[in-house]
Amino acid sequence: MGGTVSIKAENLTAAVRHIVLAGGSNEREAALVAENLVLANLMGHDSHGVGMLPQYILAVVEKRLKVNAAPSVVGDHGAILNLDGNMGYGQVIGHDAMEMGIRRAREHGVCIVSLRNSHHIGRIGHWGEQCAAAGMVATHYVNVVGRPPLVAPFGGSDARFATNPYCCALPAVEDGGEPIVLDMATSKIAMGKVRVAMNKGEKVAPETLIDSHGHPTDDPRIMFGNKGPLGAILAFGGHKGSGLAVIVELLAGALTGGGTLHDGNWQRNTITNNMFSVIVDPARLGGADTWRAELADFVKWVKASPAAPGENTEKWGGVLVAGEPERRSRARRLAEGIPVDATTWGEIVEAGKSVGVGANQTNAAAGLA
Ligand code: NAD
């Protein structure tokens, strides 16, 4: 097998589904996990795609991730739902939590969903897109506990929190249109992207990482291994990004009851996400009659800014709004297939073997046999 294989989305979905099923999940769970991970790849976020499967399956085998779990309601205050994810697959817990929140937002105009204690919920844009598809506006704040910190605070030289993503999604203004989805880690890059760079033997951009002494480095390997202290990713945007990351940690960790990352609060060695979501029905707000037109006009206005010379124009041709890069990637990868590097594919095949799926079966499901 060469450096990278190209796999059609439906075949990759089938291969992942097969392995998740073999891990003990029911059909619905296996389908939700496979579709979620493959969509992340389609959207161009390989960091949150099928490359996560080996970690998930290891967690299943070691019983750190509970198969076929559902979120339980630990507090119900009408427009506020407090949920516990029971360390189930985040792809199911996130989906069901958003469904519950959307229903409540239809009823009350707004719902705050406080979700704690879910296994990794993946690409947060997925949850924004689910809310937007239901006609809702949603913001999501997510922290990560159960694993060591990864990101250094502004002015600090070691990691104190994780890549704490923030997402805001607004629904499409017309039927069949596309939502606006700002979905970003508050670190300069997501940890999964550091892993992807390491697997590909690539460096990361300058001013992204620091080593364990606080010195700049472009070597992704600094974030992996168990020999001595690791390096850290920098927060985006200096003190402002670092400030936002702290707010995200507090909303998602302290307010949900899922906990924040401090003083060894990561000993579980399992990716655990907590998410604070605010889901709003725009039909109940002051701009109910005009927001669609305003949104369309403003996006048009922003995109009409003449393209500046440089990297963005070379890559995209002009101004994009959040969510567009992902949609372009999805269109391209649906047509051309999803590239999966050999290291990642090898890890997926091994994950399959650990739950009794032979390499031939995984390769055949992926159309590689
Ligand atoms: P990114 O930097 O690729 O994109 C961030 C946002 O910027 C996106 O909304 C994108 O549409 C927009 N964007 C990108 N290029 C643009 C351009 N040229 N013009 C206009 N807009 C543009 O994303 P990221 O910060 O690397 O995050 C990657 C993924 O990692 C996200 O899906 C995030 O939710 C996920 N994540 C998850 C966790 C977790 O614990 N579950 C932790 C961290 C990150």
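By class, the shell around the ligand has 12 nonpolar, 8 polar and 4 charged residues. The classes work like this: Ala, Val, Leu, Ile, Met, Phe, Trp, Tyr, Cys and Pro are nonpolar, Asp, Glu, Lys and Arg are charged, and the others, Gly among them, are polar. The model is predicted, so local features need pLDDT of at least 70 and side-chain atom pairs pLDDT 80 or more, while totals for chains, interfaces and linings use all residues. Numbering starts from 1 along each chain as its sequence is written, and side-chain values use heavy atoms, without hydrogens or water.

Back to the shell. It holds 24 residues, and the closest are Asp183, Ala185, Asn312, Gly323 and Glu326.

Where does the largest share of the shell come from? From β8, with 4 residues. β8 (180-184), α9 (311-316) and α10 (324-336) each supply at least two residues. These are DSSP runs numbered from the N terminus: helices are H or I with at least four residues, strands are E with at least two.

A ligand nitrogen is 3.1 Å from an N or O atom in the His48 side chain. The protein covers 82% of the 860 Å² of accessible area that the ligand has on its own. Those areas are Shrake-Rupley, with a 1.4 Å probe.

Next, His140. This residue lies in strand β5 (residues 137-145). Is His140 buried or exposed? Buried, because its relative accessibility is 0%. Buried means under 20%, exposed over 50%, partly exposed in between, with a 1.4 Å probe and protein chains only. The His140 side chain makes a polar contact of 2.9 Å with the side chain of Ser277. Such a contact is a pair of N or O atoms within 3.5 Å; within protein, one must be able to donate a hydrogen and the other to accept it, and residues adjacent in sequence count only if both atoms are side-chain atoms.

Last, Gly253, in helix α7 (residues 238-255). Gly253 is buried too, at 0% relative accessible area. Gly253 and Val142 are 111 residues apart in sequence, yet 7.8 Å apart in space, C-alpha to C-alpha.

Conventions
A residue is near a molecule or strand if one of its heavy atoms lies within 4 Å of it.
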